[in-house]
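Have a look at the structure first, then read on.

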Amino acid sequence: MTKLTLVVPTYNLSHYFNETLETIANQTADFELWLVDDHSTDGTAEKAAEFVNGVPMFHVEQFDHHRGVSVARNFGIEHATGDVVAFADGDDRLHPDFVKTLINGFQEGTPAVTVGYQWWHTPINPRDHYETLSQRTMFQQASQRGSEIGGYIWNKAYSLAAIEQQHLRFDESLSIAEDYLFTATFVANDSGIYVYDPAIRYTKINRPNSTLRSRSFSDRRVEDQVFERIYQMGERL
């Protein structure tokens with residue numbers, strides 16, 4: 001059976017973290033967990049340590065200084081022991097079958113599985129069934145802002161072997177759009193058949209002080225540059 005490692009970066013999540021931990025605890029399938037705290041100062045790190053205590057497959061890492069979300073995710077990749085790796089943000093909500101749906105979607109040779117999410121919109125037809133997508137279709141979805149599947153990393157699980165074959169990591173120099181770049185690069189370099197279940201298995205929470213809501217003009221310029229890189233990848237497919 002496919003083993004999944006879930007990587008959750010945490011940083012000053014306040015009360016949002018409590019509900020996220022509850023949804024992690026309520027998963028209906030077994031998995032490995034890495035909570036990677038990026039030097040929180042509001043008690044988030046202590047909550048993470050308490051949550052994993054006594055659970056053999058649950059782990060926590062606490063950075064001794066603030067290093068950024070990409071460093072935290074890369075730490076998770078490098079310490080994952082699963083066949084596949086998934087990511088969640090520490091202030092979001094996971095459906096009880098989030099892990100189960102991702103695991104069951106993997107077949108031999110599948111590079112990644114993605115599920116429906118609730119944020120600004122819902123999938124066109126959010127019924128629980130698996131669809132297959134070509135590399136080109138998956139790339140089109142992953143390289144567009146606000147598409148049904150999106151380039152987000154939190155509604156997907158990636159083959160760890162495929163990540164390592166590409167020597168792929170999150171770009172630690174970026175503070176925005178690093179998720180789109182990671183997903184687009186992954187898809188652009190793996191021509192396998194992708195799997196999608198539109199059933200809503202992930203809910204994105206709009207936190208007032210989130211990175212998305214505090215973007216500066218320079219952040220938007222960086223984001224545009226990242227998407228230009230992504231569009232150039234698409235031209236080669």
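## Rings, charges and the overall fold

Searching the whole structure turns up 21 aromatic pairs, where rings of Phe, Tyr and Trp (its six-membered ring) pair if their centres lie within 6.5 Å, with planes under 30 degrees apart called stacked, over 60 edge-to-face and the rest tilted. Take W34 and F75: they make an edge-to-face pair, with 5.6 Å from centre to centre and 80° between the planes. This pair ties together distant parts of the chain, since W34 is in strand β2 (residues 32–37) and F75 is in helix α3 (residues 69–79), 41 residues apart. Helices (H or I, at least four residues) and strands (E, at least two) are DSSP runs, numbered from the N terminus.

Before going further, keep in mind that this is a predicted model, where local features need pLDDT of at least 70 and side-chain atom pairs count only at pLDDT 80 or more, while totals for chains, interfaces and linings use all residues. Residues are numbered from 1 along each chain as its sequence is written, and side-chain values use heavy atoms, with hydrogens and water left out.

Are W34 and F75 buried or exposed? Buried means under 20% relative accessible area, exposed over 50% and partly exposed in between (1.4 Å probe, protein chains only). W34 has 11% relative accessibility, so it counts as buried, and F75 counts as buried because its value is 14%.

There is also an aromatic cluster, and its members include W119, W120, Y152 and F227. A charge sits over a ring if NZ of Lys or CZ of Arg is within 6 Å of the ring centre and within 35 degrees of the ring normal.

| Charge | Ring | Distance from ring centre |
|---|---|---|
| R67 | F63 | 4.6 Å |
| R145 | F227 | 3.8 Å |

G105 is in helix α4 (residues 98–105), and its 4% relative accessibility is why it counts as buried. Beyond its neighbours within four places in sequence, G105 is in contact (heavy atoms within 4.5 Å) with T110, V113, Y130 and V195.

Finally, zoom out. The protein has eight helices and nine strands, and 54% of its 237 residues are buried. Its C-alpha trace spans about 45 × 45 × 35 Å along the principal axes. Among contacts with a separation of 6 or more, 84% join residues 24 or more positions apart.
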